[in-house]
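Visitor: Hi! Could you walk me through this one, bit by bit?

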Amino acid sequence: MSNNVIVTKDLSKTYGKGSLQVTALQKTSISIERGEYIAIIGPSGSGKSTFMNLLGCLDTPSTGKLYIDDIDVSTLNENQLAKIRREKIGFIFQKYNLIPTLNAIENTTLSMSFNNIRSDERVERAKNLLDMVGLSHRVDHKPSEMSGGEQQRVAIARALANNPSIILADEPTGNVDTKSGNNIMKILEYINNKGETIITVTHDPNIAKRAQRILRIQDGIVSEGNV
Amino acid sequence: MFKDNFNLAYKNIRERMSRSILTLLGISIGIMAIISLMGIGEGMQVAVTGELSSLSDTILVSAGGSSNDFELLQEGVDDNGEYLTERDISDIERIQGVKEVSTQLTGAGVITYNRENVIVTLTGMDTDTIKIAYSEEDLEAGTFLEEGDQNKCIIGYSIAHEDFDSEIAVGSRISINGEKIVVNGIFKKQGMGGLTSTDSIVILTSRDFEKLTGESNIKLAAVRVSDPTNVEVIAEEIEQAINENHGDDDFASATAMSSILETIQNILGILSLVLIAIAAIALVVASIGIMNTMLTSVMERTREIGIMKAIGAENKDVMLIFIIEGMLVSLVGGFFGIILGVFGSQGLAGILTNMGAGGPGAESMGLTPVITLFSIVLAVGVSLIVGILSSLYPAWKAARMSPIEAVRYE
């Protein structure tokens, strides 16, 4: 395995056909090394979400190549992409996106169950992860019984469940108060220090500043930048 | 894996409890209909078979070319003046395989009671024949005649309670053609229901009949054969022999009771199918109910499905969750449906019995619903299949949803 977790070659995304065609992401060639902490910034409608969806294997590119852990994912089918998502990528969403009917430990084990990990092993690992994000007292609470910050920490535990190569965090502090936001950032930095690659999308310059590398997107063009 | 999907499905159902219960109710009603209607159908079959199968070695022979099986059973109240002769009977007795022949005599008579006269049709039967033709349950009072009884009779409900100003009871002495006769038994009111009409009947022993009327007009003969498997062939031979005696191709009819049984079973079989078809309609409606609920649920959970797919669920995982959900609702509904159906069939049997004839006819039809293991297995199977089929489409829609839904910016 090379040291690059993500490599894009002329990666682009175009929506629509003919005269209605809109290019959301211009041809982009970047590489991201293992263990990097990257912030993606840019105004609304700049192509940020398109870029994130492509990196997260939620969407397929119109042209170009995307390699994750040296695997060319641009040609994979739906189920193969699902396998990449659960094995290589951990998502953290702005709105936490926990399953409302499941408690903290069940939410954390869910993606492991899609990965066919044994039940006792799953619970063991989920408990450790919830412990790491400081929620060992909340394991059997449902999302509706937890604060926003707590829910987001469950989401972080869930994202780490299958030992992914990349954590994609989309405005992870966007919906929580400053104190909780700070707590979440500290957790993300902690796991980054342990070697995890983190890519976060943010509006907040203070959060972007804490990243090692900043990618700025404007009008579908990705460029190296600073705050 | 299955356990986790089961857990998810179960929690979804619990989350939307009232809606799940309503959906479940639809299935319950459908299954209840199937179980109770099958129970009634099966009950009818068992009752009729039980009543008639003991007669599988019996052939009824009548003069006057009875036009169908049921009329034959309606013992000869309307007398067309054609009778079997002693020669016919002895010819029947000579046919290979015939075990015994008992005869039923028919003729007019006058009953006098409290100085009132009523003209009736008298029936003379051997005591054994009475027991073949009727069951003890048909009597509202008294007993059948025994071998050796003299000057005793059994009368129908109308004669006992309606034809005379004063009631006739068991033990009453009436006069038939001038002879004193004791009433030994009275039939229950039969009305329009059952197979044999007993309301206006007067049954005497054959010996008393001949003594009172001086005639021996044989309207009906009951033939028993030694081997029930030959019954159809022997019936054919009997008919030929008698027709030859009278020089008339259509003089007599000999009908094996087993062929009547077959006819009735065929009719009941069709009836059962119709009942089940009606129940099937209820199930179709219920399955549309499940599909509708599940589709709504898929729409509501667009985001949830997206999240699951984003964190790595494959299409089959998502589909399985929804199919299990449909199956669970349907199975639980089916379970309650079976319980409701068992009680429902009892109630339905009660209603049918009361509606039937309001009397012995329906009761001796014995509408006790029979719930077979087969119908329960069928009900479980059907609810399982309904659950799977009606959730297939919603599950497929769910599986096709895009994971991008989950990460869409708002």
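Predicted model: local features only at pLDDT ≥ 70, side-chain atom pairs only at ≥ 80, totals over all residues.

Visitor: Thanks. How many helices and strands are in chain B?
Guide: Chain B has 14 helices and 10 strands. Here helices (H or I, at least four residues) and strands (E, at least two) are DSSP runs, numbered from the N terminus.

Visitor: And what share of chain B is buried?
Guide: Of its 410 residues, 44% are buried. Buried means 20 or more other C-beta atoms within 10 Å of the residue's own, exposed means 12 or fewer, and partly exposed is in between, with C-beta atoms placed from the backbone.

Visitor: What about contacts in chain B between residues 24 or more positions apart?
Guide: Those account for 83% of the chain B contacts with a separation of 6 or more. A contact needs C-beta atoms, placed from the backbone, within 7 Å.

Visitor: Switching to chain A. How do helix 5 and helix 6 of chain A pack?
Guide: Helix 5 (residues 148–160) and helix 6 (residues 178–193) of chain A pack at an angle of about 15°, with their axes 9 Å apart. Axes are lines fitted to C-alpha atoms, for helices over the stretch in contact, and angles run from 0 to 180 degrees between N-to-C directions. Helix 5 and helix 6 of chain A are therefore roughly parallel; angles under 35 degrees count as roughly parallel, over 145 as roughly antiparallel, 65 to 115 as roughly perpendicular and the rest as oblique.

Visitor: Which residues make that contact?
Guide: From helix 5 of chain A, they include A:Gln152, A:Arg153 and A:Ile156, and from helix 6 of chain A, they include A:Asn183, A:Ile184 and A:Ile187. By class, this contact of helix 5 with helix 6 of chain A has 5 nonpolar, 5 polar and 1 charged residues.

Visitor: Is helix 3 of chain A enclosed or exposed?
Guide: Helix 3 (residues 104–114) of chain A has 11 of its 11 residues buried, so it is largely enclosed by the rest of the structure. Among the buried residues is A:Glu106. After helix 3 of chain A comes A:Asn116, with a positive phi near 60°.

Visitor: What is the strand order in the open sheet of chain A?
Guide: This sheet of 6 strands runs 7-8-9-4-10-11 in chain A, with mixed pairing. Strands count as paired if DSSP finds at least two bridges between them. Strand 4 (residues 37–41) and strand 10 (residues 213–218) of chain A pair in the parallel sense over 4 bridges, and A:Ile41 has A:Arg216 as its bridge partner in strand 10 of chain A.

Visitor: Last topic, loops. Where does B:Arg115 lie?
Guide: B:Arg115 is in the loop between strand 2 (98–113) and strand 3 (116–125) of chain B. Its phi is positive, about 65°, although B:Arg115 is not a glycine. With 7 C-beta neighbours inside 10 Å, B:Arg115 counts as exposed.

Visitor: And is B:Ile201 buried or exposed?
Guide: B:Ile201 counts as buried, with 23 C-beta neighbours inside 10 Å. This residue sits in the loop between strand 7 (179–187) and strand 8 (202–205) of chain B.

Key:
Residues numbered from 1 in each chain as written. Chains lettered and ligands numbered in written order. Contact = placed C-beta atoms within 7 Å. Nonpolar A, V, L, I, M, F, W, Y, C, P; charged D, E, K, R; others polar.
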